[in-house]
Amino acid sequence: MALPPPDPQFVLRGTSAAVHTLHFSCGGQECDVPILFSGSENGFIHVWNLKTHRVNAALDGHGRKSVYCVETMDGKDRLLSQGRDQRICLWDLAEGRTSVTDSVFTENVGFCRCSLLKVAQGRWLMAMAKALEEVQVLELPSKTSVCTLKPEVGAKLGMPMCLKLWQLNCGSQPLLLAGYEDGSVILWSLSMGKVLSQLVCHQEPVMSLDFDSEKAKGISGSSEKVLSIWSLNEQQNLQVYKTHNLVNAGISDITIRPDKKILATAGWDHRIRIFGWKKLKPLAVLDYHTATVHCVSFSDHKNPSERLLAAGSKDHRISIWSIYTQT
């Protein structure tokens, strides 16, 4: 008999709004308190202390417009956030500060989260959706433009919906995977500014994707009842690897755990689903939330037994789970 799914280890309440994005910062020194950042529909970013389960700080930098992306840049003192005010903000949180040090205007009205990739000490690339079909890549913190990626005239891809910057190793060329409104996933070369491969993965807009660069394999979800798993061959061509049918339609978010053993999906059916990444074997259905789950995130604890999964929902709650920590 399969074990019944567990209850959440604990639940964080107090955002007073739908939770759209989550990001852990737990991989620091032993003495550091593990932190979870959440971004909400009311424009606040909450900094949660995972020892006390309370809010350390509430950051207000997006004019009370929904925050839908939060990332850290080298530890929990430098934060990047993106909101519906069409701004990406860079924060200094060291020594109790809560100040926006810089910002980028995106001109994008959609929900496409930016993607961040560290390329050297103190240097990042950031990909963001611009007006219409374009994606711009900037270097941070200088904000120098690296390239603008425009589909060919007549491509009819629609807006970029999700982005993932990656590189095989620290010396190799960074590449961008982008999911579009027409259901396509495209691999872009940043150095050439051109499409390397295009694959129609869904009949509906690609809502979320993640990619495992070691296995050269990715996964995407949409508003339909199917997960699409695709691979990248040595000629940089995307190919459908397999598809997995879901019970209920609609995936808001997909994330592969850093150790590449399992993945989690956030469902419109209020459920979190856990799969084995190797064969996409369904492992668990976590049923706690009472509305759409918007986001899922795995923690970056150094000790595997401490690893957590967080899910944020339209029901204003963040559920924290401890599952498959021994694998």
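**View 1. The hairpin of S23 and S24 in this predicted model.** Three residues separate S23 from S24 in this hairpin, and His 270 in the turn has a positive phi of about 80°. Strand S23 spans residues 262-267 and pairs with S24 in the antiparallel sense over five bridges, where strands are DSSP runs (E, at least two residues) numbered from the N terminus and pairing requires that DSSP finds at least two bridges between two strands. Within this pairing, Ala 264 has Ile 274 of S24 as its bridge partner.

**View 2. Strand S24 and its pairing with S25.** Five of the six residues of S24 (residues 271-276) are buried, so this strand is largely enclosed by the rest of the structure; buried means under 20% relative accessible area, with a 1.4 Å probe and protein chains only. S24 also pairs with strand S25 (residues 282-287) in the antiparallel sense over five bridges, and Ile 274 stands opposite Ala 284 in S25. The hairpin of S24 and S25 has five residues between the strands, and Leu 280 takes a positive phi near 55° there.

**View 3. The largest nonpolar core.** Leu 149, Leu 176 and Leu 190 touch the most other members among the 18 residues of this core, a set of buried Ala, Val, Leu, Ile, Met, Phe, Trp, Tyr and Cys residues joined through side-chain atoms within 4.5 Å. Strands that each supply at least two residues of this core include S11 (123-129) and S16 (184-189).

**Notes.** Residues are numbered from 1 along each chain as its sequence is written. In this predicted model, local features need pLDDT of at least 70 and side-chain atom pairs count only at pLDDT 80 or more, whereas totals for chains, interfaces and linings use all residues, and side-chain values use heavy atoms, with hydrogens and water left out.

Technical notes. Buried < 20%, exposed > 50% of the residue type's maximum accessible area, 1.4 Å probe, protein only. Helix = DSSP H or I, 4+ residues; strand = E, 2+ residues; numbered from the N terminus.
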